[in-house]
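User: Please walk me through this model by question and answer. Keep it brisk.

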Amino acid sequence: MSADYQVHGDVAVITLNNPPVNGLGLATRQGITAGLEQAQADPAVKAIVVTGAGKAFSGGADIKEFGSPKAIAEPNLLSVILALENTSKPVVAAIHSVCMGGGLELALGCHYRVAAPGTNVALPEVKLGLIPGAGGTQRLPRVLGVETALNMIVSGEPVKSEMLAQLPGQKLFDKLAASRESLMDEALAFARDVAAKGGALPRVRDLPCKHPMGDAYFQFARNMVKGMAKNFPAPGKCVDAVEAATKKKFDDGMVFEREIFMALMLTPESRALRHIFMAERAASKIPDVADDTPKRTITKVGVIGAGTMGGGISMNFLNAGIPVTILEMKQEALDRGIGTIRKNYEAQVKKGKLKQDKYEQRMALLSTTLSYDDLKDCDLIIEAVFEEMGVKQKVFETLDAVAKPGAILASNTSTLDVDKIAAFTKRPQDVVGMHFFSPANVMKLLEVVRGAKTAKDVLATVMDIGKKIKKTAVVSGVCDGFIGNRMIEQYSRQAGFLLDEGCTPAQVDRAIEKFGFAMGPFRMGDLAGNDIGWAIRKRRATERAEMKYSKTADKLCELGRFGQKTGAGWYDYQAGKRDAIPSRLVEDMIAEHRKSLGIEPRRISDEEIVQRLVFALVNEGAHIVEEGIASRASDIDMVYLTGYGFPIHRGGPMLYADQVGLFNVMQAMKRFQQNPRDDAAFWEPAPLIKKLVAEGKGFSG
Ligand code: NAI
């Protein structure tokens, strides 16, 4: 059982003990109820203190039990809370460090609460698309007042115990301890005190719950959450549940809360958020690299190239307090690069997002050089020079000659073969891809590209440093485009075919933006620069002559319409503005092209647009999992959610396919195979999809 029982004089102490955050798994719940029974039965025990071992009081539900029958097995959390509430001896929660979700609901079931300062208190269920399901929406308003409680429930954000303790009239904490260290002594003394006083034991459920403005307040609250509730039902339901606390009897409110909780559990939005929560944790694990693999120490970083990427990459490390030396070929390039970094930081200072002294501290960690000698003591060196193998070769040969033994040599290449780059050195085990996304100081995604010879401790170190610089690091094997760009190519190809068949760029963009993408493929192309894809297609024309493309993108580039930077792309742009204005010229160009191919344009539904774009990602993603380029389907979802603007409420392309049903996805692919304008070979469902459908499974099981 994951809770300890000890008796200190006349007080029993039940200590939740389920590292790392005392999640309320079945064994912990059993431990609590067993402890309560023992304490009840022992005449020497006059009061009970419930606390948490180690780094938390309790972080709430045990994520290891998510979705398993254990999560709801008896005693479930509701039963444990009832048992606490109905204990005839006073129960005091001794709260510290982390008191969240089910942990806070548990504390609210105790008769009294003593908290250490610095405790993070929260009901974060809304972040998983849920509402608290064990009385949180009914009890918290009774101790904090309706407004404060609703704010905490709708935002899911933690608030420090000392702030809550100061709120006038609050009944959440009966006492704020002087410190974390003195908490247990103070809680024990408090317990003895209340036991000695005797009298009825207070229960949160018996407290009144009202808002003086009644219905009007809840109307305001609903209006307030509309924005955040756009794609998610849970925030609005939080308001409903708290309103019920003010209008229904306590037990009826509990039933109402439970009903909402269970209904939300089944929504695709909550499934998506829970999937992302798990996927994020899974992505940091590499199947054949043990968690305890020793890591190399990274105290100084070198960056080669101060261009678009080099500057942004450097900022990540400066922000994390790690010194960076940037190397360039010419002083002008260095000056330009440093100027851009300064400008970025200054914009943050202006917006009030960064303090002036922090900005100066960060800049003080940055040094520049034109000489490789100054990279000699770097533990990690990231190359972000021009995307040409010859240039990379020179850089890596030089690095091999100057870098200290054991230094990690990383390339930010987006299209080149990391194994070839590694082979330019005599230490391929130290070479790895670190593929950042633009703007590198903003985008969360970091693809860690594992070469054939990359050492395990190098991977473990890079994954760890990814976390330190606040990225979502996902491992990819070596292949053309790695995970993200290899998939986006299929998506872009579909977007091109859709133009050939009858769509306008605006129609395609609108449909996929309505689905939830931040930006459709054509607006995205105009932002990133259409010439980038053009260069890649030209390079690949010889390598992959069999790949079928719409020619419209090339024709657009032949007109010099590279996008926003040239003032024209798939759309027209007015000087100094970013609004995409549908272009007559482009539409005529597309119509002309159709005519030359003898295509009669047809009306294409938004549904077909979305399916062809998204299922193209899914089919390529399935190949990527099958080939072992990605360790698991959920890694692909993380890549798309954090690097490509895939809508969060859909949970990523692979989860979306599961939600649609893989059988239905496969049927759609077969339909697309019949379209003579499309690429029938591509739409052959990946063997993994066929296998999963045959087994009646999805990517997530
Ligand atoms: P960029 O052209 O903005 O910057 C490259 C910089 O490297 C220039 O300042 C140049 O002076 C410098 N440079 C070139 N050769 C050098 C050498 N031998 N020694 C030292 N410095 C040298 O290019 P960008 O966009 O920053 O791309 C750099 C790398 O990052 C490329 O491999 C690219 O494929 C990759 N990448 C680019 C992304 C993007 O969105 N721009 C996204 C992800 C990766």
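User: In which loop is the place of Asn22?
Analyst: This is a predicted model, where local features need pLDDT of at least 70, side-chain atom pairs count only at pLDDT 80 or more, and totals for chains, interfaces and linings use all residues. Residues are numbered from 1 along each chain as its sequence is written, and side-chain values use heavy atoms, with hydrogens and water left out. Helices (H or I, at least four residues) and strands (E, at least two) are DSSP runs, numbered from the N terminus. Asn22 sits in the loop between strand E2 (11-16) and helix H1 (26-41).

User: What is phi of Asn22, near which value?
Analyst: Most residues other than glycine have a negative phi. Asn22 is a residue other than glycine, yet its phi is positive, near 55°.

User: Is Asn22 buried or exposed?
Analyst: Buried means under 20% relative accessible area, exposed over 50%, partly exposed in between (1.4 Å probe, protein chains only). The relative accessible area of Asn22 is 1%, so Asn22 is buried.

User: Is Lys470 buried or exposed?
Analyst: Lys470 lies in the loop between helix H17 (456-468) and strand E17 (472-477). Lys470 also has a positive phi, about 65°. With a relative accessible area of 62%, Lys470 is exposed.

User: Which residue in E6 is the bridge partner of Val92?
Analyst: Five of the five residues of strand E4 (residues 91-95) are buried, so E4 is largely enclosed by the rest of the structure. Two strands pair if DSSP finds at least two bridges between them. E4 and strand E6 (residues 112-115) run parallel, joined by four bridges. In E6, the partner of Val92 is Tyr112.

User: Which residue stands opposite Val92 on the E3 side?
Analyst: Strand E3 (residues 47-52) and E4 run parallel, with three bridges between them. Opposite Val92 in E4 stands Val49.

User: Where is Pro75 found?
Analyst: Most peptide bonds are trans. The bond from Glu74 to Pro75 is cis, with omega near -5°. Pro75 is in the loop between E3 and H2.

User: How far is an oxygen atom of the ligand from an N or O atom in the side chain of Glu328?
Analyst: A residue is near a molecule if one of its heavy atoms lies within 4 Å of it. Of the 22 residues around the ligand, Glu328 is among those that come nearest. The distance from a ligand oxygen to an N or O atom in the side chain of Glu328 is 2.5 Å.

User: Which helix gives the most to the shell around the ligand?
Analyst: Helix H12 (308-319), helix H15 (389-402) and strand E15 (431-436) each give two or more residues. With three residues, the top contributor is H15.

Technical notes: Polar contact = N/O pair within 3.5 Å; in protein donor to acceptor, adjacent residues only side chain to side chain.
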